[in-house]
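Thank you all for making the time this morning.

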Amino acid sequence: MPSSKVEKQEVSDNVKVVVRCRPLNQKEKMMSHKQAVVVDEIRGTITVNKLETPQELPKTFTFDTVFGPDSKQLDVYNLTARPIIDSVLEGYNGTIFAYGQTGTGKTFTMEGVRAVPELRGIIPNSFAHIFGHIAKAEGDTRFLVRVSYLEIYNEEVRDLLGKDQLQRLEVKERPDVGVYIKDLSGYVVNNADDMDRIMTLGHKNRWNNATE
């Protein structure tokens with residue numbers, strides 16, 4: 001394997017922790033809440049102040065990358081997700097996931113407002129990135145893009161693109177493919193719009209949407 005590939009693999013194998021702090025929402029502003037965290041994007045630190053007990057010293061935590069309340073969607077994508085998608089396009093596995101309490105901004109960061117280009121989140125930006133790369137590919141390189149969309153809720157796995165939304169799928173493992181979901185559907189897509197439409201379809205079948 002060429003040295004550049006080895007270096008790329010070593011970088012892509014690292015787990016990076018990124019923290020993004022959202023701005024105060026309208027309700028919080030109306031209730032005169034104050035920002036309790038200070039974000040230092042240069043040093044990569046988050047400082048948490050105990051506003052109710054100012055005598056306590058603030059606590060500072062360091063992460064691989066941090067984003068303040070004024071951060072832009074495209075900046076978040078370029079600095080955190082783009083390198084992972086680049087690695088995937090070179091043949092490596094990559095994972096991006098958002099973790100946090102309800103109301104912390106996970107959906108906005110991952111999905112954003114898909115109808116507004118500057119507000120699109122990581123997922124739609126990755127769609128454009130993938131097919132932009134494919135359009136520029138030279139030579140005899142061929143790409144096959146297949147998508148699946150699943151939900152894990154209360155330890156049950158559902159295929160959000162499946163015809164039977166009551167069916168519960170099983171997590172299996174094989175020596176040749178590793179961990180996989182038995183009977184999970186997959187659809188071949190040809191452009192970012194195809195992926196966006198499939199995402200919209202699957203989103204309607206999510207458990208949270210079905211119970212609202």
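Before the helix pairs, one convention: an axis here is a line fitted to C-alpha atoms, for helices over the stretch in contact, and the angle between two axes runs from 0 to 180 degrees between the N-to-C directions. What you see is a predicted model, so please keep that in mind throughout.

Let me start with the chain as a whole. The secondary structure comprises 7 helices and 11 strands, and the C-alpha atoms fill a box of roughly 60 × 50 × 35 Å when taken along the principal axes. Of the 212 residues, 24% are buried. If we consider the contacts between residues at least 6 apart in sequence, 50% of them join residues that are at least 24 apart.

Now to the packing. Two packed helices are described by the angle between their axes and by the distance between those axes. How do α3 and α5 cross? Helix α3, residues 73–89, and helix α5, residues 122–136, have axes that come within 10 Å and cross at roughly 45°. Angles from 65 to 115 degrees would count as roughly perpendicular and those under 35 as roughly parallel, and α3 and α5 are therefore oblique to each other. Their crossing is right-handed. On the α3 side the contact is made by L74, V76, Y77, T80, A81, R82, I85, D86 and L89, while α5 contributes I122, N125, S126, H129, I130 and H133.

Helix α5 has another partner to look at, helix α6, which spans residues 192–204. The axes of α5 and α6 come within 9 Å and cross at roughly 150°; because an angle over 145 degrees counts as roughly antiparallel, that is the description that applies to α5 and α6. The crossing of this pair, too, is right-handed. Here I123, F127, A128 and F131 of α5 meet A192, M195, D196 and M199 of α6, and the contact residues divide into 7 nonpolar, no polar and 1 charged.

Finally, a word on annotation. An unreviewed UniProt entry lists G100, Q101, T102, G103, T104, G105, K106 and T107 under "binding site". Taking one of these, T104 lies in the loop between α3 and α4, the latter being residues 106–110. Is T104 buried, partly exposed or exposed? Its relative accessibility is 33%, and T104 therefore counts as partly exposed.

Terms used:
Residues numbered from 1 in each chain as written. Predicted model: local features only at pLDDT ≥ 70, side-chain atom pairs only at ≥ 80, totals over all residues. Heavy atoms only, no water. Helix = DSSP H or I, 4+ residues; strand = E, 2+ residues; numbered from the N terminus. Left-handed = near helix turned anticlockwise from the far one by under 90°. Contact = heavy atoms within 4.5 Å. UniProt positions renumbered as here; feature names shortened; annotations may be inferred. Buried < 20%, exposed > 50% of the residue type's maximum accessible area, 1.4 Å probe, protein only. Nonpolar A, V, L, I, M, F, W, Y, C, P; charged D, E, K, R; others polar.
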